[in-house]
Amino acid sequence: MDKLLICEFKKQKRNRFIFVSIGLITLYLVFMSYYVNDARGLYSDFTSFYKQCLGYLCFLILPLIIAILCVNVFADEYKSDALKYLWTVPVSKGKLVFAKVLYIELMSLILMLFVCLFVIVSANITRFSQSIDIHSILRVLYLCAANGLIIPLAVFPISIFVVLCKGNTVIPTILSVVYVFLSFLFTSPGAGIIPLSSTTHIIWFNNYEGVMTNNNIEMNVANLSIIFILGIVFTSSLLKKQNL
Amino acid sequence: MLKLEFMKLKRSYLILILTLTIILNMIIQFYWGNMTYLGTPYNNRLGWVFDSALSLSTYYLFAPVFALLGSNMIEKEERYGTLNYLKVIPLQPIKILWVKFEATFIIAIGYSFLMFVGIALLEIVPHHNSITVSFLLTYMFRFVIHGIGSFLTVCPIIALSLLLKKGNGVSVILSFIIAFCGVLTASSTIAPFYPINAIFFISGMYNGKASQFITALFSLAICFLLSILICLSIHSACCAE
């Protein structure tokens with residue numbers, strides 16, 4: 001498994017997508033920091049600062065980045081017949097899918113740790129530096145790590161469509177946009193139904209920042225777990241049955 | 001060449017998926033419109049569904065969809081190696097790019113018009129007694145303007161996708177962020193400068209001053225000029241090869 005994971009990292013090293021994504025996240029955070037720092041009446045302390053910065057980023061931007069990363073990771077195997085050659089070596093299809101899940105999880109975590117660092121540093125150089133304490137820093141770290149780990153689970157089922165479309169990226173990308181857009185619009189009514197909406201309620205469960213959440217955590221966790229497991233099972237079985 | 005571009009599109013499921021996004025937007029608007037505030041459904045007010053659909057489409061849907069369509073048309077030629085074959089026939093690279101832009105522009109108009117038709121059904125059913133032709137024509141104009149405006153906003157992103165390998169994903173994320181940041185800048189003084197908000201000033205959704213209207217036009221013109229500049233630099237780079 002570790003070899004497959006290392007292979008994933010080596011393959012994606014040539015891909016500029018992650019670096020461009022980090023650049024886009026940086027641009028967004030710079031814009032957001034400026035906006036929150038400038039809106040004096042609306043945001044008073046570090047809590048409101050990180051809530052605003054992480055809010056839209058984790059509801060909209062990170063899921064979209066992870067979804068497109070997931071599309072690229074699977075679609076790459078179809079290019080230049082790589083998948084066909086891969087089946088000639090003794091690699092289990094289930095293990096291959098699992099290695100990709102781990103890769104996406106790790107990349108998401110790295111992205112969110114970068115966001116965590118950026119939020120803390122930018123708060124330090126803006127008017128929120130007075131209200132930063134160790135407790136709030138740990139809270140930001142927790143939120144970033146939780147988002148980084150949980151969001152890919154909700155987004156992973158997109159891989160089913162990449163396999164169905166045999167590596168075509170356009171349709172899965174449009175579906176990703178629609179999925180992220182829908183889960184954002186239906187964050188409250190979608191809890192326990194739409195996995196990406198459920199993640200918000202899991203991550204911000206029992207929060208003190210004022211984010212409204214659904215308290216039925218079991219239902220949200222069950223929804224997310226079922227869809228994620230179904231995603232892995234369907235992707236693996238589709239790959240096994242597919243004629244290349 | 002434009003006809004060829006549409007023939008290529010015909011083979012993909014793209015049109016079906018785009019139609020599905022329109023139906024999805026209709027379902028969202030129907031659901032929201034029937035939500036009540038102080039016992040009254042939102043869609044009781046004539047034009048509420050149109051306003052809501054226009055905002056939602058412009059801030060979240062039009063820009064990423066058009067950016068994806070445009071960048072995919074360009075990327076496809078590179079992915080399948082057809083760009084190399086196109087280079088051996090006496091066609092200027094700028095012309096190939098221009099046709100892609102033209103095709104995206106036509107799809108943007110068609111898509112926004114179809115979105116209007118779908119949303120108009122939701123507006124006509126509860127208000128068939130009070131709705132007028134001029135009211136419908138006003139919103140049809142607004143939808144098309146928003147479609148064109150969103151296309152102009154993402155033009156530089158489409159052009160940039162040529163420089164990036166696997167530009168599809170990047171162009172979608174970039175256009176999504178740009179469109180979404182319009183929500184944050186909508187109430188600020190820079191709103192008419194920001195291309196996504198500029199569309200609202202041009203279509204008349206925001207009642208601004210004449211100076212704001214001109215600024216908005218200027219903002220979209222800059223986007224278009226920027227994309228031409230990017231295309232020209234790519235063209236000269238191709239010619240140098």
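Which residues in H1(A) meet which residues in H5(A)? The views below start there and move on through this predicted model.

**View 1. Helix H1 meets helix H5 in chain A.** From H1(A) come A:Leu4, A:Leu5, A:Glu8 and A:Phe9. They meet A:Lys95, A:Leu96, A:Ala99, A:Lys100, A:Leu102 and A:Tyr103 in H5(A). Sort the residues of this contact by class and you get seven nonpolar, three charged and no polar.

**View 2. How the axes of H1(A) and H5(A) cross.** Here we look at H1 (residues 2–13) and H5 (residues 93–125) of chain A, whose axes come within 9 Å and cross at roughly 55°. That angle makes H1(A) oblique to H5(A). As for handedness, this crossing is right-handed.

**View 3. Helices H5 and H6 of chain A, roughly antiparallel.** The axes of H5(A) and H6(A) come within 8 Å, with a crossing angle of roughly 155°. An angle over 145° counts as roughly antiparallel, so that is how H5(A) and H6(A) lie to each other. H5(A) passes H6(A) in a right-handed crossing. On the H5(A) side, the residues making the contact include A:Ile104, A:Leu109, A:Met112, A:Cys116 and A:Ile120. Across from them, H6(A) brings in residues including A:Ile137, A:Leu141, A:Cys144, A:Leu149 and A:Pro152. The class count for the contact of H5(A) with H6(A) is 17 nonpolar, three polar and one charged; A:Glu105 of H5(A) is among the residues that take part.

**View 4. Where chain A touches chain B.** In this view, 25 residues of chain A are in contact with 26 residues of chain B. On the chain A side, the elements giving two or more residues are helix H2 (17–38), helix H3 (46–78) and helix H8 (170–185). H8(A) supplies the largest share, eight residues. By class, the chain A side has 19 nonpolar, five polar and one charged residues.

**View 5. A look along chain B.** Chain B has nine helices and two strands, and from the N terminus on its elements run α-α-β-β-α-α-α-α-α-α-α. Of its 241 residues, 40% are buried. Take the contacts in chain B between residues at least 6 apart in sequence, and 75% of them join residues at least 24 apart.

**View 6. Confidence in chain A.** The chain averages a pLDDT of 87, and 98% of the residues score at least 70. Confidence is highest in helix H6 (residues 134–155), at 93, and lowest in helix H4 (residues 82–86), at a mean of 74. Where pLDDT is low, the predicted coordinates should not be read in detail.

Technical notes: Residues numbered from 1 in each chain as written. Chains lettered and ligands numbered in written order. Predicted model: local features only at pLDDT ≥ 70, side-chain atom pairs only at ≥ 80, totals over all residues. Axes fitted to C-alpha atoms, helices over the stretch in contact; angles between N-to-C directions. Helix = DSSP H or I, 4+ residues; strand = E, 2+ residues; numbered from the N terminus. Parallel < 35°, antiparallel > 145°, perpendicular 65-115°, else oblique. Left-handed = near helix turned anticlockwise from the far one by under 90°. Contact = placed C-beta atoms within 7 Å. Nonpolar A, V, L, I, M, F, W, Y, C, P; charged D, E, K, R; others polar. pLDDT = per-residue confidence, 0-100. Buried ≥ 20, exposed ≤ 12 C-beta atoms within 10 Å, placed from the backbone.
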